[in-house]
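Student: I would like to go through this model with you and ask, for each label that is attached to it, on what grounds that label rests.

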Amino acid sequence: MSFASLSLSPLLVRAVSELEYDEPTPVQMAAIPPLLQGRDLWASARTGSGKTAAFVLPMLHSLVATGAHASALAKSTRDVRSLIVVPTRELAVQIGEAIESYCAYLSPKPKTCVVVGGVSLNPQMLALRGGADIVVGTPGRLLDLAAKNALRLAHVEILVLDEADRLLSLGFEDELAKLLALLPKTRQTALFSATFPAPVQALGETHLHDPVRVNVDGGAAPASGLLVQRAIEVDTD
């Protein structure tokens, strides 16, 4: 199967082809078609399975198909159209770089902002002026920006919760609940998680509507049976 067979925009197919994405990974083959149809998605997928492209490509396709990105850039609002919530700044930056790569042939390019903690708030507030097509961020920083009225989440059309198990295990449960309360009830939601402990199950059952379920790796923990640990004592030299 090719990316073109998934009914993605030719401009996106061209970009991933030049990135040497020869064919879709299992999670991409399973997730992209229902996301293109506007369905909610509940997916088991580990880091390294290709899940970033699985949710970013349909998101970009929707913007291209509707011409929404062109109008969003012209509006003087603080609205966010698509929101990707992640547990760490490193993952947020990685996804932001992937979006930039996939947008190589889109004109105009969707406005994308990566917002994370540990850095000054002001440049991120300036970047969000006029709203954004896609925002990638960590829960705490997103709440900070919302509290300062630097962004509005009331009109989010697509929400992605990436690495949901890590979001909750790292203590973001309360912040995530506050963040989700700012979003509209009518939206498309995709939840990606390597494992499904009780809090993740509750999250999915509460916030997903009739989701398509994608099980790529059985929901096993990433280290389950895959890693061998060794301790090797060496001389000081």
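The dialogue that follows sets values against their definitions.

Tutor: Before we start, note that this is a predicted model, in which local features need pLDDT of at least 70 and side-chain atom pairs count only at pLDDT 80 or more, whereas totals for chains, interfaces and linings use all residues. Residues are numbered from 1 along each chain as its sequence is written, and side-chain values use heavy atoms, with hydrogens and water left out.

Student: How do you know what confidence the predictor places in the protein chain, and where is the pLDDT below 50?

Tutor: The pLDDT, which is the predictor's confidence in each residue on a scale from 0 to 100, averages 90 over the protein chain, and 92% of the residues score at least 70. Over residues 220–224 the pLDDT is below 50, although this stretch has eight contacts in the model beyond near neighbours in sequence. Where pLDDT is low, the predicted coordinates should not be read in detail.

Student: How many helices and strands are there in the protein chain, and what makes a run of residues a helix or a strand?

Tutor: Helices are DSSP runs of H or I with at least four residues, strands are DSSP runs of E with at least two, and both are numbered from the N terminus; the protein chain has 10 helices and seven strands.

Student: Why is the protein chain called as compact as a globular protein of that length?

Tutor: The radius of gyration is taken over C-alpha atoms, and the globule rule is 2.2 Å times the number of residues to the power 0.38. For 237 residues the rule gives 18 Å, and the radius of gyration of the protein chain is close to that at 18 Å, so the chain is as compact as a globular protein of that length. The C-alpha atoms fill a box of roughly 60 × 45 × 45 Å along the principal axes.

Student: Why is S193 called buried, and which residues is S193 in contact with?

Tutor: Buried means under 20% relative accessible area, exposed means over 50%, and partly exposed lies in between (1.4 Å probe, protein chains only). S193, in strand β6 (residues 188–193), has 0% relative accessibility and therefore counts as buried. Contact means heavy atoms within 4.5 Å, and on that basis S193, leaving aside its neighbours within four places in sequence, is in contact with A43, S44, A45, A164, D165 and V200. Of the 237 residues of the protein chain, 49% count as buried.

Student: What makes L161 and I158 buried, and what does each of them touch?

Tutor: L161 is in strand β5 (residues 158–161), and its relative accessible area of 1% makes it buried. Beyond four places in sequence, L161 is in contact with V85, L176, A190, L191, F192 and L203. I158 also lies in strand β5, and at 12% relative accessibility I158 counts as buried. Not counting residues up to four places away in sequence, I158 touches M59, S62, R81, S82, L83 and Q188. I158 and R187 are 29 residues apart in sequence and 5.8 Å apart in space, C-alpha to C-alpha.

Student: Which residues of helix α2 are buried, and what do they pack against?

Tutor: In helix α2 (residues 26–36), the buried residues are V27, Q28, A31, I32, P34 and L35, and they pack against β1 (41–44), α3 (51–66), β6 and β7 (212–215). Just after α2, G38 takes a positive phi of about 85°.

Student: What is phi of S7 and of E163, and is each of these residues buried or exposed?

Tutor: Most residues other than glycine have a negative phi, and most peptide bonds are trans. Phi of S7 is near 70°, a positive value in a residue other than glycine, and S7, in the segment before α1 (10–18), counts as exposed at 53% relative accessibility. Phi of E163 is near 55°, again positive in a residue other than glycine, but E163, in the loop between β5 and α8 (164–169), counts as buried at 7% relative accessibility.

Student: Where is the residue P108, and what is omega for the peptide bond from S107 to P108?

Tutor: P108 lies in the loop between α5 (89–102) and β3 (112–115), and the peptide bond from S107 to P108 is cis, with omega near -5°.
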